[in-house]
Amino acid sequence: MAAQMKTPLTLLVGLSTTLRDPVLDALLDATTVAVVVEQDELPGRGVLSWRVFDGSGAIEAGEFAVGDDCGACQLIESLLPLLEALVARGHWQHVVLAAPPAMEARPLANALVATLPDVRVDTVTCVVDAVLLVEQLSGDELLDERGLALGPPDRRNVAELTARQIEYADVCVLANAHRSAAPERLHNLLTHLNPRTTVVDADPVGVPARPVARTGLFDFAEAEAWAGDLAAEARLQPSGDGVTTVLWRSTRPLHPARLNDALEDIVDGVVRSRGVVWLASRPTQRVRWESAGFSASLGTLGEWSDSEHLAECTVVATGVGLDPARLQAILDACLLTESELATLDWQALEDPFAGVF
């Protein structure tokens with residue numbers, strides 16, 4: 001007995017629904033059904049609205065209630081039965097899931113792969129705005145300040161969301177490319193953030209110039225490896241057109257107070273950085289380093305003894321107009337000096353990050 005074919009699903013993400021909608025319209029044909037989730041009613045009524053339609057028109061609509069907990073978690077929990085029921089009808093050969101603006105692709109793809117055996121994630125497509133891309137990747141504005149947070153606990157910023165959407169995408173649709181003074185620079189920036197992605201320009205109306213669905217590009221293992229790999233030489237791409245990615249390494253630990261004082265200088269000119277660092281005040285802990293825009297975050301990854309690595313610092317940073325020598329000098333100045341290595345009681349050092357992670 002032949003195995004049942006899985007229904008391919010295209011996951012469409014992006015911060016702007018205005019730019020997303022022309023892409024969505026271009027994906028509709030007689031064999032495709034679309035599920036669109038909006039978050040316009042979330043701040044006021046605490047619900048995510050959804051609608052299902054195909055080329056013949058509207059099919060059904062409804063709402064998902066979102067409480068004070070993880071909005072993304074509640075969205076996934078409510079969305080999966082809806083998708084399962086649509087696929088079970090057997091009317092369509094392709095599903096497009098247009099996520100709400102603040103939803104990242106990775107948790108959705110994880111849930112789809114783990115939970116829906118009749119669905120195959122085929123393509124993750126991210127729509128980005130050529131006019132606003134650098135600004136969105138460079139600031140510190142919280143999603144909540146834009147009314148886009150997925151519930152009260154959501155403290156992500158716009159830069160973090162934008163970077164994560166790009167980093168997981170098989171295809172990035174560059175909308176408004178005709179309005180950008182430097183479209184090639186934006187292509188280069190997207191490739192630095194995610195060498196896996198295929199960049200496709202949209203025409204002035206917003207329609208992609210090449211296929212952005214049913215491409216077969218999604219590879220779950222590769223997507224997860226790239227999203228989970230905090231720092232590696234594989235992240236280095238050739239510098240060009242003002243876009244640079246820098247790899248910084250040291251076998252010495254960082255002085256926590258000097259690192260804290262230097263945070264603003266470190267992220268200046270950096271749109272995205274990820275890595276693992278060694279803090280002198282926490283000599284046994286692997287510490288995650290991540291920045292997006294003007295915001296940096298640190299967190300515990302476990303013990304050095306549980307990893308394959310000796311204690312070290314490794315950070316990969318990407319920026320537009322970034323001065324690699326300046327960044328490396330700032331980071332080097334945060335390290336313990338040779339005399340401090342020999343004389344300091346590391347664990348007696350003041351730790352500005354105590355209570356933060």
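User: Where does N176 lie, and how do you know what counts as a helix or a strand?

Analyst: N176 sits in the loop that links β7 to α7. Helices are DSSP runs of H or I with at least four residues, strands are runs of E with at least two, and both are numbered from the N terminus. Before we go on, this is a predicted model: local features need pLDDT of at least 70, side-chain atom pairs count only at pLDDT 80 or more, and totals for chains, interfaces and linings use all residues. Residues are numbered from 1 along each chain as its sequence is written, and side-chain values use heavy atoms, with hydrogens and water left out.

User: Is N176 buried or exposed, and what is its phi?

Analyst: Buried means under 20% relative accessible area, exposed means over 50%, and partly exposed lies in between (1.4 Å probe, protein chains only). N176 has 13% relative accessibility, so it counts as buried. Its phi is near 65 degrees, a positive value in a residue other than glycine. Most residues other than glycine have a negative phi.

User: Which class does R214 fall into, and what about its phi?

Analyst: R214 has a relative accessibility of 35%, so it counts as partly exposed. Like N176, R214 is not a glycine and still has a positive phi, here about 50 degrees. R214 is found in the loop between β8 and α8.

User: Why does R20 count as buried, and what does it touch?

Analyst: R20 belongs to helix α1. Its relative accessibility is 1%, so R20 is buried. Contact means heavy atoms within 4.5 Å. Leaving out residues up to four places away in sequence, R20 touches L12, V36, V37, E38, A98, A99 and V127.

User: E38 is on that list. Why is E38 called buried?

Analyst: The relative accessible area of E38 is 14%, and so E38 is buried. E38 lies in strand β2. Beyond neighbours within four places in sequence, its contacts are T17, R20, L48, S49 and R51. E38 and T17 stand 21 residues apart in sequence, with 8.5 Å between their C-alpha atoms.

User: What makes the sheet open, and which strands stand at its edges?

Analyst: Two strands pair if DSSP finds at least two bridges between them. Eight strands form an open sheet in the order β4-β3-β2-β5-β1-β6-β7-β8, with mixed pairing. β4 (57-65) and β8 (198-201) each have a single partner strand, so one side of each is left without a neighbour in the sheet. From one strand to the next, the twist averages 20 degrees.

User: How do you know that β1 and β5 pair, and in which sense?

Analyst: Strands β1 (residues 7-13) and β5 (residues 94-98) share four bridges and pair in the parallel sense. L12 has A98 of β5 as its bridge partner.

User: Which helix lies across β1 and β2?

Analyst: That is α1 (residues 17-27), which also lies across β3, β5, β6 and β7 and runs at about 165 degrees to β2. Axes are lines fitted to C-alpha atoms, for helices over the stretch in contact, and angles run from 0 to 180 degrees between N-to-C directions.

User: What makes a nonpolar core, and which residues touch the most other members of the largest one?

Analyst: A nonpolar core is a set of buried Ala, Val, Leu, Ile, Met, Phe, Trp, Tyr and Cys residues joined through side-chain atoms within 4.5 Å. The largest has 64 residues, and L79, L83 and L97 touch the most other members. Helix α3 (residues 71-89) gives the largest share, nine residues. L83 touches L9, V35, V95, L97, L112 and L116, not counting residues up to four places away in sequence. Another core, of 30 residues, lies apart and includes I266, A280, L335 and L349.

User: Why is β11 called largely enclosed?

Analyst: Six of the eight residues of β11 (residues 285-292) are buried, so the rest of the structure largely encloses this strand. Two residues separate β11 and β12 in their hairpin, and G293 in the turn has a positive phi of about 65 degrees.
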